Amino acid sequence: MRRMNTFKTEVLHEHPDNHARITKVSTPHGEFTTPCFMPVATRAYLNLMTPRELSDAGSQIILGGNTYHMLLTPGMDVIREAGGMHPFMGWQGPMLTDSGGFQVFSLSKDSDLCRIDDDGAHFKHPKTGEIIHMTPEVSLETQKIIGADIIMAFDQCTPDTDDKKVVVEAMDKTHRWLQQCVEYQDKHPTSAYGNRQALFGIIQGAYFRDLREQCAETIVSHNLDGIAIGGESIGFDMQKTVEIVSWVRPLLPRDKLRYTMGVGMGPQDLLNVVEQGIDVFDCVAPTRNARHGALYNGRIVKKNNWIEFVSDEPRARLNIKKAIYAKDERPIMEDCDCYTCQTVSRSYMHYLFREKSVAYSNFACIHNVHVMNKTCEAMRDCINGAADA
(Lines give C-alpha, C1' and ligand atoms only; values in the text may rest on other atoms or scores of the structure.)
Protein backbone atom coordinates (compact mmCIF):
# COMPACT_ATOMS: atom_id res chain seq x y z
CA MET A 1 0.00 0.00 0.00
CA ARG A 2 1.38 3.40 -0.98
CA ARG A 3 1.77 5.72 1.98
CA MET A 4 0.60 9.31 1.79
CA ASN A 5 2.55 12.30 3.07
CA THR A 6 -0.34 13.49 5.20
CA PHE A 7 -1.94 13.25 8.62
CA LYS A 8 -5.66 12.62 8.80
CA THR A 9 -8.09 11.45 11.49
CA GLU A 10 -11.40 9.88 10.47
CA VAL A 11 -14.06 8.85 13.00
CA LEU A 12 -15.38 5.45 11.89
CA HIS A 13 -17.72 4.34 14.68
CA GLU A 14 -19.08 5.68 17.97
CA HIS A 15 -20.50 3.65 20.83
CA PRO A 16 -24.21 4.41 21.32
CA ASP A 17 -24.11 4.16 25.14
CA ASN A 18 -20.86 5.86 26.10
CA HIS A 19 -18.19 8.07 24.51
CA ALA A 20 -15.94 5.33 23.13
CA ARG A 21 -15.12 5.55 19.43
CA ILE A 22 -13.00 4.09 16.65
CA THR A 23 -10.86 6.36 14.50
CA LYS A 24 -8.59 5.65 11.54
CA VAL A 25 -5.45 7.76 11.51
CA SER A 26 -3.30 8.16 8.40
CA THR A 27 0.34 9.23 8.72
CA PRO A 28 3.38 9.30 6.41
CA HIS A 29 4.49 6.01 8.02
CA GLY A 30 1.19 4.19 7.65
CA GLU A 31 -2.21 3.95 9.31
CA PHE A 32 -3.36 2.94 12.77
CA THR A 33 -6.80 2.36 14.22
CA THR A 34 -7.88 3.47 17.67
CA PRO A 35 -8.38 2.77 20.54
CA CYS A 36 -4.65 2.19 20.46
CA PHE A 37 -1.94 1.73 23.09
CA MET A 38 1.54 3.13 22.42
CA PRO A 39 4.47 1.27 24.00
CA VAL A 40 7.18 3.68 25.14
CA ALA A 41 10.67 3.64 23.63
CA THR A 42 11.89 6.72 25.53
CA ARG A 43 15.55 6.32 24.61
CA ALA A 44 14.96 5.03 21.05
CA TYR A 45 14.48 1.44 22.18
CA LEU A 46 11.81 -0.48 24.01
CA ASN A 47 13.43 -2.40 26.83
CA LEU A 48 13.98 -6.02 25.77
CA MET A 49 11.68 -6.02 22.73
CA THR A 50 12.70 -5.68 19.09
CA PRO A 51 10.62 -3.77 16.52
CA ARG A 52 9.55 -7.10 15.00
CA GLU A 53 8.38 -8.35 18.42
CA LEU A 54 6.44 -5.12 18.91
CA SER A 55 4.67 -5.63 15.59
CA ASP A 56 4.01 -9.30 16.34
CA ALA A 57 2.51 -8.28 19.71
CA GLY A 58 0.01 -6.06 17.88
CA SER A 59 1.57 -2.62 18.30
CA GLN A 60 0.53 -0.16 15.60
CA ILE A 61 2.27 3.00 16.85
CA ILE A 62 4.93 3.69 19.47
CA LEU A 63 6.22 6.63 21.44
CA GLY A 64 9.80 6.72 20.25
CA GLY A 65 12.76 8.87 21.18
CA ASN A 66 11.88 11.43 23.83
CA THR A 67 13.16 14.89 22.88
CA TYR A 68 15.07 15.52 26.12
CA HIS A 69 16.82 12.14 26.13
CA MET A 70 17.66 12.25 22.43
CA LEU A 71 19.28 15.66 22.84
CA LEU A 72 21.52 14.19 25.54
CA THR A 73 22.42 11.02 23.68
CA PRO A 74 23.06 10.08 20.96
CA GLY A 75 22.52 13.71 19.91
CA MET A 76 20.83 15.24 16.90
CA ASP A 77 23.82 14.83 14.56
CA VAL A 78 23.59 11.05 14.91
CA ILE A 79 19.81 11.01 14.46
CA ARG A 80 19.96 13.26 11.41
CA GLU A 81 22.74 11.20 9.82
CA ALA A 82 20.59 8.08 10.24
CA GLY A 83 17.69 9.78 8.46
CA GLY A 84 15.52 10.15 11.56
CA MET A 85 14.27 8.00 14.39
CA HIS A 86 12.45 5.49 12.18
CA PRO A 87 15.52 4.14 10.37
CA PHE A 88 17.73 4.73 13.42
CA MET A 89 15.77 2.32 15.63
CA GLY A 90 14.34 0.13 12.87
CA TRP A 91 10.65 0.90 13.49
CA GLN A 92 8.86 1.68 10.23
CA GLY A 93 5.33 2.29 11.55
CA PRO A 94 3.71 5.45 12.93
CA MET A 95 5.52 7.15 15.79
CA LEU A 96 4.78 9.87 18.35
CA THR A 97 7.48 11.67 20.28
CA ASP A 98 7.33 13.77 23.43
CA SER A 99 8.45 17.40 23.71
CA GLY A 100 10.58 16.95 26.81
CA GLY A 101 8.10 18.87 28.95
CA PHE A 102 7.62 16.04 31.44
CA GLN A 103 11.35 15.54 31.94
CA VAL A 104 11.78 19.28 32.50
CA PHE A 105 8.99 19.06 35.10
CA SER A 106 10.60 16.15 36.93
CA LEU A 107 14.15 17.53 36.78
CA SER A 108 13.14 21.03 37.90
CA LYS A 109 12.48 19.65 41.38
CA ASP A 110 16.28 19.96 41.70
CA SER A 111 17.37 23.46 40.69
CA ASP A 112 20.93 22.21 40.11
CA LEU A 113 19.62 19.98 37.29
CA CYS A 114 16.97 22.20 35.70
CA ARG A 115 15.63 25.72 36.07
CA ILE A 116 12.41 26.87 34.40
CA ASP A 117 11.97 30.47 33.31
CA ASP A 118 9.52 32.33 31.10
CA ASP A 119 11.39 31.37 27.93
CA GLY A 120 11.76 27.64 28.60
CA ALA A 121 14.09 25.51 30.70
CA HIS A 122 17.82 25.45 31.37
CA PHE A 123 18.96 21.93 32.16
CA LYS A 124 22.39 20.52 32.82
CA HIS A 125 23.70 17.63 30.77
CA PRO A 126 24.22 14.86 33.36
CA LYS A 127 27.54 13.75 31.83
CA THR A 128 29.15 16.81 30.29
CA GLY A 129 27.69 19.51 32.54
CA GLU A 130 26.74 21.53 29.45
CA ILE A 131 23.76 23.83 29.97
CA ILE A 132 21.08 23.29 27.32
CA HIS A 133 18.37 25.92 26.91
CA MET A 134 15.16 24.16 25.90
CA THR A 135 12.68 26.59 24.35
CA PRO A 136 9.53 25.86 22.33
CA GLU A 137 11.53 26.41 19.16
CA VAL A 138 14.37 24.12 20.27
CA SER A 139 11.86 21.42 21.22
CA LEU A 140 10.11 21.62 17.84
CA GLU A 141 13.39 21.74 15.92
CA THR A 142 14.58 18.64 17.77
CA GLN A 143 11.33 16.79 17.11
CA LYS A 144 11.67 17.56 13.42
CA ILE A 145 15.10 15.92 13.38
CA ILE A 146 13.65 12.97 15.29
CA GLY A 147 11.06 12.83 12.48
CA ALA A 148 8.08 11.41 14.40
CA ASP A 149 4.66 11.51 12.75
CA ILE A 150 3.10 13.17 15.81
CA ILE A 151 4.99 15.85 17.71
CA MET A 152 4.00 17.61 20.92
CA ALA A 153 3.93 21.30 21.79
CA PHE A 154 6.42 22.21 24.51
CA ASP A 155 4.54 22.70 27.78
CA GLN A 156 5.06 22.91 31.50
CA CYS A 157 3.71 19.71 33.00
CA THR A 158 1.65 20.79 36.00
CA PRO A 159 2.11 19.25 39.45
CA ASP A 160 -0.77 18.24 41.70
CA THR A 161 -0.93 21.10 44.15
CA ASP A 162 -3.58 23.06 46.05
CA ASP A 163 -1.71 26.27 45.21
CA LYS A 164 -3.78 27.57 42.31
CA LYS A 165 -1.30 30.35 41.64
CA VAL A 166 1.39 27.79 40.79
CA VAL A 167 -1.01 26.00 38.41
CA VAL A 168 -2.06 29.24 36.71
CA GLU A 169 1.57 30.27 36.16
CA ALA A 170 2.37 26.90 34.59
CA MET A 171 -0.75 27.02 32.43
CA ASP A 172 0.08 30.54 31.23
CA LYS A 173 3.52 29.32 30.13
CA THR A 174 1.89 26.36 28.37
CA HIS A 175 -0.40 28.74 26.45
CA ARG A 176 2.43 31.11 25.54
CA TRP A 177 4.76 28.31 24.51
CA LEU A 178 2.01 26.71 22.44
CA GLN A 179 1.67 29.92 20.43
CA GLN A 180 5.41 29.84 19.75
CA CYS A 181 5.18 26.18 18.70
CA VAL A 182 2.29 26.91 16.34
CA GLU A 183 4.23 29.75 14.73
CA TYR A 184 7.27 27.50 14.29
CA GLN A 185 5.12 24.69 12.90
CA ASP A 186 3.48 27.04 10.41
CA LYS A 187 6.93 27.91 9.06
CA HIS A 188 8.23 24.31 9.19
CA PRO A 189 5.29 21.91 8.71
CA THR A 190 7.40 18.88 7.83
CA SER A 191 10.17 16.87 9.45
CA ALA A 192 13.81 17.33 8.46
CA TYR A 193 13.12 14.56 5.90
CA GLY A 194 10.10 16.15 4.24
CA ASN A 195 7.34 14.18 5.98
CA ARG A 196 4.21 15.91 7.23
CA GLN A 197 4.11 16.10 11.03
CA ALA A 198 1.02 16.50 13.19
CA LEU A 199 1.28 18.95 16.10
CA PHE A 200 -0.67 18.27 19.31
CA GLY A 201 -1.30 20.73 22.12
CA ILE A 202 -1.50 19.65 25.77
CA ILE A 203 -4.28 20.53 28.20
CA GLN A 204 -2.94 21.37 31.66
CA GLY A 205 -4.64 22.86 34.74
CA ALA A 206 -4.02 20.22 37.46
CA TYR A 207 -7.24 19.21 39.25
CA PHE A 208 -9.00 22.59 38.95
CA ARG A 209 -12.01 22.25 36.67
CA ASP A 210 -12.14 25.91 35.65
CA LEU A 211 -8.46 25.89 34.67
CA ARG A 212 -8.77 22.62 32.74
CA GLU A 213 -11.71 24.02 30.81
CA GLN A 214 -9.93 27.32 30.20
CA CYS A 215 -6.83 25.52 28.96
CA ALA A 216 -8.90 23.22 26.75
CA GLU A 217 -10.56 26.21 25.10
CA THR A 218 -7.18 27.81 24.42
CA ILE A 219 -5.66 24.62 22.99
CA VAL A 220 -8.67 23.98 20.76
CA SER A 221 -8.63 27.56 19.44
CA HIS A 222 -5.35 26.84 17.63
CA ASN A 223 -6.90 24.21 15.30
CA LEU A 224 -4.20 21.64 15.97
CA ASP A 225 -4.05 18.10 14.61
CA GLY A 226 -4.84 16.53 17.97
CA ILE A 227 -5.35 17.24 21.64
CA ALA A 228 -3.44 15.72 24.55
CA ILE A 229 -4.37 15.80 28.22
CA GLY A 230 -1.37 15.99 30.53
CA GLY A 231 -0.27 16.84 34.03
CA GLU A 232 0.84 14.87 37.06
CA SER A 233 -2.70 13.58 37.75
CA ILE A 234 -3.16 11.95 34.37
CA GLY A 235 -2.46 8.24 34.50
CA PHE A 236 -1.27 8.39 38.11
CA ASP A 237 -4.67 8.99 39.74
CA MET A 238 -7.15 7.17 37.52
CA GLN A 239 -10.26 8.35 39.33
CA LYS A 240 -9.18 11.95 38.86
CA THR A 241 -8.02 11.21 35.29
CA VAL A 242 -11.49 10.02 34.30
CA GLU A 243 -13.05 13.06 35.98
CA ILE A 244 -10.73 15.50 34.20
CA VAL A 245 -11.45 13.88 30.83
CA SER A 246 -15.18 14.21 31.49
CA TRP A 247 -14.72 17.93 32.16
CA VAL A 248 -12.89 18.74 28.93
CA ARG A 249 -14.42 16.22 26.51
CA PRO A 250 -17.42 18.45 25.61
CA LEU A 251 -14.94 21.11 24.49
CA LEU A 252 -12.92 18.85 22.18
CA PRO A 253 -13.53 18.72 18.41
CA ARG A 254 -15.01 15.44 17.23
CA ASP A 255 -12.55 15.13 14.33
CA LYS A 256 -9.33 15.55 16.37
CA LEU A 257 -7.38 12.69 17.91
CA ARG A 258 -7.49 12.61 21.73
CA TYR A 259 -4.52 11.45 23.77
CA THR A 260 -4.14 10.92 27.53
CA MET A 261 -0.45 11.04 28.41
CA GLY A 262 0.90 8.35 30.73
CA VAL A 263 -2.28 6.25 30.97
CA GLY A 264 -1.81 2.47 31.01
CA MET A 265 -0.78 1.06 34.36
CA GLY A 266 -2.99 -1.88 33.45
CA PRO A 267 -5.67 -2.94 30.94
CA GLN A 268 -8.59 -1.54 32.93
CA ASP A 269 -7.08 1.97 32.78
CA LEU A 270 -7.41 1.88 28.98
CA LEU A 271 -11.03 0.80 29.20
CA ASN A 272 -11.82 3.62 31.61
CA VAL A 273 -10.49 6.44 29.45
CA VAL A 274 -11.78 5.07 26.15
CA GLU A 275 -15.24 4.95 27.68
CA GLN A 276 -14.80 8.70 28.22
CA GLY A 277 -13.85 9.33 24.57
CA ILE A 278 -10.03 8.98 24.51
CA ASP A 279 -8.33 7.44 21.46
CA VAL A 280 -4.64 6.85 22.27
CA PHE A 281 -2.46 6.50 25.37
CA ASP A 282 1.08 5.56 26.37
CA CYS A 283 2.72 4.23 29.51
CA VAL A 284 6.02 2.67 30.55
CA ALA A 285 4.23 0.47 33.13
CA PRO A 286 3.53 -2.65 31.02
CA THR A 287 7.23 -3.29 30.33
CA ARG A 288 8.40 -1.99 33.71
CA ASN A 289 5.89 -4.21 35.52
CA ALA A 290 6.97 -7.15 33.38
CA ARG A 291 10.65 -6.75 34.23
CA HIS A 292 9.81 -6.70 37.95
CA GLY A 293 7.75 -9.89 37.84
CA ALA A 294 4.23 -8.46 37.47
CA LEU A 295 2.45 -10.13 34.54
CA TYR A 296 -1.05 -9.14 33.48
CA ASN A 297 -3.59 -11.84 34.20
CA GLY A 298 -7.33 -11.69 33.68
CA ARG A 299 -10.07 -11.89 31.13
CA ILE A 300 -12.28 -9.48 29.24
CA VAL A 301 -15.99 -9.71 30.04
CA LYS A 302 -19.00 -7.89 28.66
CA LYS A 303 -20.91 -5.67 31.08
CA ASN A 304 -23.65 -3.11 30.36
CA ASN A 305 -22.80 -3.07 26.64
CA TRP A 306 -19.16 -2.33 27.44
CA ILE A 307 -16.26 -4.49 28.63
CA GLU A 308 -14.15 -4.91 31.76
CA PHE A 309 -10.83 -6.58 32.51
CA VAL A 310 -11.54 -8.82 35.49
CA SER A 311 -9.02 -10.86 37.43
CA ASP A 312 -8.61 -13.02 40.49
CA GLU A 313 -5.17 -11.52 41.03
CA PRO A 314 -4.47 -8.32 43.00
CA ARG A 315 -4.33 -5.38 40.55
CA ALA A 316 -4.83 -7.94 37.75
CA ARG A 317 -1.16 -8.93 37.94
CA LEU A 318 0.33 -12.36 38.53
CA ASN A 319 3.47 -12.09 40.69
CA ILE A 320 5.66 -14.66 38.98
CA LYS A 321 8.38 -14.55 41.66
CA LYS A 322 6.12 -16.42 44.11
CA ALA A 323 7.13 -20.00 44.88
CA ILE A 324 3.61 -21.28 44.07
CA TYR A 325 4.48 -20.99 40.38
CA ALA A 326 7.62 -23.16 40.54
CA LYS A 327 5.72 -26.21 39.24
CA ASP A 328 2.77 -24.47 37.57
CA GLU A 329 2.69 -25.68 33.95
CA ARG A 330 -0.15 -23.39 32.86
CA PRO A 331 0.50 -20.35 30.66
CA ILE A 332 0.63 -16.92 32.29
CA MET A 333 -2.92 -16.17 31.14
CA GLU A 334 -5.49 -18.67 29.93
CA ASP A 335 -6.64 -18.12 26.34
CA CYS A 336 -3.85 -15.59 25.67
CA ASP A 337 -2.43 -16.05 22.17
CA CYS A 338 0.80 -14.11 22.70
CA TYR A 339 4.10 -15.79 21.82
CA THR A 340 4.99 -16.17 25.49
CA CYS A 341 1.77 -17.89 26.55
CA GLN A 342 1.89 -20.13 23.49
CA THR A 343 5.51 -21.11 24.18
CA VAL A 344 6.39 -21.27 27.89
CA SER A 345 4.77 -22.00 31.26
CA ARG A 346 4.51 -20.13 34.54
CA SER A 347 7.01 -22.63 35.91
CA TYR A 348 9.59 -21.71 33.29
CA MET A 349 8.93 -17.98 33.74
CA HIS A 350 9.38 -18.37 37.51
CA TYR A 351 12.67 -20.16 36.91
CA LEU A 352 13.92 -17.51 34.48
CA PHE A 353 12.99 -14.72 36.88
CA ARG A 354 14.82 -16.38 39.76
CA GLU A 355 17.84 -16.80 37.48
CA LYS A 356 17.70 -13.10 36.53
CA SER A 357 17.75 -14.17 32.90
CA VAL A 358 17.39 -11.63 30.10
CA ALA A 359 15.13 -14.20 28.43
CA TYR A 360 12.64 -13.73 31.27
CA SER A 361 12.27 -10.00 30.58
CA ASN A 362 11.86 -10.57 26.86
CA PHE A 363 9.07 -13.13 27.37
CA ALA A 364 7.45 -10.98 30.06
CA CYS A 365 7.44 -7.74 28.04
CA ILE A 366 5.99 -9.51 25.01
CA HIS A 367 3.11 -10.78 27.15
CA ASN A 368 2.26 -7.49 28.86
CA VAL A 369 2.39 -5.43 25.66
CA HIS A 370 0.30 -8.05 23.86
CA VAL A 371 -2.37 -7.91 26.60
CA MET A 372 -2.64 -4.13 26.29
CA ASN A 373 -3.00 -4.41 22.52
CA LYS A 374 -5.58 -7.21 22.79
CA THR A 375 -7.56 -5.04 25.20
CA CYS A 376 -7.65 -2.31 22.55
CA GLU A 377 -8.71 -4.86 19.94
CA ALA A 378 -11.53 -6.02 22.23
CA MET A 379 -12.69 -2.42 22.63
CA ARG A 380 -12.73 -1.92 18.88
CA ASP A 381 -14.79 -5.11 18.48
CA CYS A 382 -17.21 -3.95 21.20
CA ILE A 383 -17.66 -0.51 19.64
CA ASN A 384 -18.17 -2.04 16.20
CA GLY A 385 -20.73 -4.50 17.56
CA ALA A 386 -22.61 -1.87 19.54
CA ALA A 387 -22.65 0.56 16.63
CA ASP A 388 -24.03 -2.11 14.29
CA ALA A 389 -26.68 -3.37 16.70
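D163 is partly exposed in this predicted model, because its relative accessibility is 38%. Buried here means under 20% relative accessible area, exposed means over 50%, and partly exposed lies in between (1.4 Å probe, protein chains only). The model is predicted, so local features need pLDDT of at least 70 and side-chain atom pairs count only at pLDDT 80 or more, while totals for chains, interfaces and linings use all residues. Residues are numbered from 1 along each chain as its sequence is written, and side-chain values use heavy atoms, with hydrogens and water left out.

D163 sits in the loop between strand 11 (150-152) and helix 7 (164-187). Helices (H or I, at least four residues) and strands (E, at least two) are DSSP runs, numbered from the N terminus.

Salt bridges come next. Side chains of opposite charge can pair when their charged atoms come close. The rule applied asks for a side-chain nitrogen of Lys or Arg within 4 Å of a carboxyl oxygen of Asp or Glu. By this rule, the count is 14 salt bridges. One of them pairs R196 with D225, with the closest N and O atoms 2.9 Å apart. R196 lies in the loop between helix 7 and strand 12 (198-203), and D225 in the loop between helix 8 (209-220) and strand 13 (226-229), so the pair ties together parts that are 29 residues apart in sequence. R196 counts as partly exposed because its relative accessibility is 24%. D225 has 17% and therefore counts as buried.

D328 and R346 also meet through their side chains in a salt bridge, at 3.2 Å from N to O. This pair links distant parts of the chain, 18 residues apart. D328 is in the loop between strand 19 (317-319) and helix 12 (339-343), and R346 is in helix 13 (residues 346-354). Both D328 and R346 are buried.

A further salt bridge joins K374 and E377, whose closest N and O atoms are 3.5 Å apart. Both residues lie in helix 14, 3 residues apart, about one turn of the helix. K374 is partly exposed at 29% relative accessibility. E377 is partly exposed too, at 34%. Elsewhere, salt bridges that share partners join D328, R330 and R346 into one network.

Helix 14 (residues 358-388) also holds H367. H367 counts as buried because its relative accessibility is 0%. Contact means heavy atoms within 4.5 Å. Not counting residues up to four places away in sequence, H367 touches L295, Y296, I332, M333, C336, C338, T340 and C341.

R115 belongs to strand 8 (residues 114-117). R115 is partly exposed, with a relative accessible area of 46%. Leaving aside neighbours within four places in sequence, R115 is in contact with G120, A121 and H122. The C-alpha atoms of R115 and H133 are separated by 9.6 Å, and the two residues are 18 residues apart along the chain.

The backbone was examined as well. Most residues other than glycine have a negative phi, and most peptide bonds are trans. A cis peptide bond joins T34 and P35, with omega about 5 degrees. P35 is found in the loop between strand 3 (30-33) and strand 4 (36-38). Another cis peptide bond joins T73 and P74, with omega about 10 degrees. P74 lies in the loop between helix 2 (67-72) and helix 3 (76-82).

L48 is not a glycine, yet has a positive phi of about 65 degrees. L48 lies in the loop between strand 5 (40-41) and helix 1 (51-56), and is partly exposed at 32% relative accessibility. D335, also not a glycine, has a positive phi of about 70 degrees. The place of D335 is in the loop between strand 19 and helix 12. D335 is exposed, because its relative accessible area is 82%.
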